[in-house]
Amino acid sequence: MSNKPLAPRDQGAPDYTKLLHPLMAKNYGAWESHDRLRPGVLVHTAKSGDKLYSVRAGSPRTMSADTVRKVCDIADKYCQGFLRFTSRSNVEFLCGDKNDLDGLVNAVENSLGWPLGGTGPSVSNISHTQGWLHCNLPGSDAAGSVKALMDELIDEFKNETLPNRVHISSSCCQINCASHGDIAIIVQHHHPPRINHANMQICELPKVVAICPAAAIRPAVVNGMETVEVVNEKCMYCGACHGQCPSMEIRDSETDTLSIWVGGKVSNARTPPTFMKLAVWGLPNNPPRWPEVGEAVRRILSAYKESAKPWERVGEWIDRIGWQRFFEKTGFPFTRYHIDDGPEALSNLNRSAMVRL
Amino acid sequence: MSVNQTSQAMELHTPMLNELESGPWPSFFSDLKEYSKKKPIVAQLLNQLEESYENRWNYWLGKIINAPGYGGGIIARVSELSHKYPGLANFHTVRVIEPPGWVYSTESLRNLADTAERNGAGILQFHGMSGDVLLLGFDDAGSLQCVEDLMNDGWDIGGSGAAMRTLQCCVGQARCEMACYDTMKTTKHITDTFIHYLHRPEFVYKFKFKLSGCGNDCANSMLRSDMPIIGTWRGPMQVDQAKVAEFIDEKGIEYLIDNVITRCPTRCLAVRGKSLEVDNDNCVRCMHCINVMHHALKPGLDRGVTILVGGHRTLKIGDTLSSVLVPFMKLETDEDLDELISFIERVWEFWNDNGMDHERIGEFIHRVGMGTFLKGVGLEPDPRMIRQPRTTPYIKFEELAPTRFEGEQTKMPPVWNREAEAVETA
């Protein structure tokens, strides 16, 4: 252990110029075009004529130090020691020599055991949160449910046979750290928080009151102790207070469920970015493999695959065919809970006489 | 030696987690199970995770621990089951600022793996939802030593709390022909310039930047950052008519019409024989036609960025999408970067002076109105900032409210001129 005193050094972001593959450094800002050679393998051609091959594989995101070293061994052998990750936790091995490509693909698929894919019109790796492995708020797991779901969807990851790319996200509480996706899975709570009045002294009460989006929390005195109370009729079970104060327990292992949301999109291509919308609710939180979630996601994907036009993202497809057809095709029940009563409530109604009959 | 390095071996009891070993997708559980033979503390982690699976319950609580001089970057976790799993009594995450574009040399990755293994449980995640590398499983002393080792090896720790958060960007010009500006350089520049605000939370709430080289937005900035910076261009896009003809020969004219011409959001494309006509004045730089015909079409040459503001996920006022704040800004020279930095400072100053505790900037704009916000940060209104003008007629026109009788107060001082209601006393 070093005896040097700790002190802030404010070093900032790593110097990426030292972490670029030599062909990236040489052709920085001078790329000409790209092609997909096969699912999981991209080639980028520079104006100089240089070609850089990227072999994309799905990673489990959570890795032991030994697995990181195995990844490095492969990159040392075939990639001059350089690689990158994508925003969806895929690893991209960067290879400057076409002759190394077969060996690289073989090493990734067989010795590392990671599937190639996630390029073009496919299901990419699932962005996900921390879950029971290491978060303080989760109502479900993330890494495990993602593993189980990707087992189901592996063919859609390894092939490019969907109308357009599909981004899936999986969040283990209603704070929803994994955010929007073409298809998104979220935990939902169904009761107001259970307040541990004896342990409220560990929390800043004004902050607990202020954080409630429904203004349902107010100061109270219980057994002579300063604490808060919740107006149950106002509470919408979001769990914001639980994030602020662990004594406001929102989770319930018996009653928490999962819901699936569709049509989120960040890209500006064709149509502006969109939020995701509720597709189906009340799925059981069913470890270790969450089969009901897998079944529902497959249903959405197969309806999308069958009836979307090329380049339509899930949300664009539903916009064209209408929600009535979406619920018909997926077989999910349309319920009064699908009708918005949040901030977008009125603008989410069909404010026209345009109806499919 | 910290506790997390000296934990005694513990037998794995994981019947439910074992179900995650089958199937074709790589299993984090199989990896950690194997690794637990080398790192006994990982067995404790997996046994606790098994209890979570069995009881559908979570056993982690938070606490606060900081490296001296820092106000964030270590996400502390303590287990409620530490009587059974003593190694998990303190089992923290260290966030590390990732290289812009998530590019690595194996030397740098091995260094992270060694540091994680030497000081803690040796579990790494690539990457967290805010872009950082996450290193898991350090006790208090191990966390501090890990941070110290990271510093010595040239890394820095990431943001947490009401601070500028770790930035993330797409691969940009390092490997993409569509990138309209240098996302990596800009990411490093903003990070390094404002590193103080990343390490020492002093904002009203968190503030995230994400940077994408074009409207395809591979950094997910639109919905997931307070300030997306997205590459774009002025003037005509580049069209190689010979390659347009090749595209038509290869794919057929119907494919072009069905998938390019009719999909343009502003209907600014037309096909004439085997060439493409573009109404560049009406193009909104959505990238779709370029995505489909990427050999024939390219972004224009006069490039820059569009800066947006205010995106965040649903708490507390519902989802907010980012909206345009600066329709176009050049971002090539050092002077351009200086201008960006002073613009960000203006935005932060107005938000932090007037925002409420725990109020993201999108929520702040929702509360005070974009008109007020623009005046506060010194920007002129521009029709490119809106989808359509207002529909509500109740407006406080400052210009149209002359005094009607002596002593009537016609002007509320605008919020940006108002005296602070409470003066801080020493």
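Trainee: Which domains does the domain assignment of chain B give?

Mentor: This is a predicted model. For chain B the assignment gives domain 1 (3-152), domain 2 (168-233 + 304-382) and domain 3 (236-298).

Trainee: How many residues of domain 1 of chain B are in contact with domain 2 of chain B?

Mentor: Ten residues of domain 1 touch 15 residues of domain 2 in chain B. On the domain 1 side, these divide into four nonpolar, six polar and no charged residues. The centres of the two domains, taken over C-alpha atoms, are 32 Å apart.

Trainee: In what order do the five strands of the open sheet in chain B lie?

Mentor: The order is S7-S8-S9-S14-S15 in chain B, with mixed pairing. Strand S7 (168-169) and strand S15 (323-329) of chain B each have a single partner strand, so one side of each lacks a neighbour in the sheet. Further in, S9 (residues 227-234) and S14 (residues 302-309) of chain B run antiparallel and are joined by six bridges; Ile230(B) has Thr306(B) as its bridge partner in S14(B).

Trainee: How is the size of an interface often given?

Mentor: It is often given as the accessible area lost when the parts come together. Here I can describe the contact by residues: 95 from chain A and 105 from chain B. Helix H2 (65-78) of chain A gives the most to the chain A side, with eight residues. That side divides into 50 nonpolar, 30 polar and 15 charged residues.

Trainee: Which strand of chain B pairs with S5(A)?

Mentor: S5(A) pairs with strand S4 (residues 103-105) of chain B, antiparallel, over three bridges. Leu83(A) stands opposite Tyr104(B) there.

Methods: Residues are numbered from 1 along each chain as its sequence is written. Chains are lettered from A and ligands numbered from 1 in the order in which they are written. This is a predicted model: local features need pLDDT of at least 70, side-chain atom pairs count only at pLDDT 80 or more; totals for chains, interfaces and linings use all residues. Two strands pair if DSSP finds at least two bridges between them. Helices (H or I, at least four residues) and strands (E, at least two) are DSSP runs, numbered from the N terminus. Domain bounds come from an automatic or database domain assignment. Two residues are in contact if their C-beta atoms, placed from the backbone, lie within 7 Å. Ala, Val, Leu, Ile, Met, Phe, Trp, Tyr, Cys and Pro count as nonpolar, Asp, Glu, Lys and Arg as charged, and the others, Gly among them, as polar.
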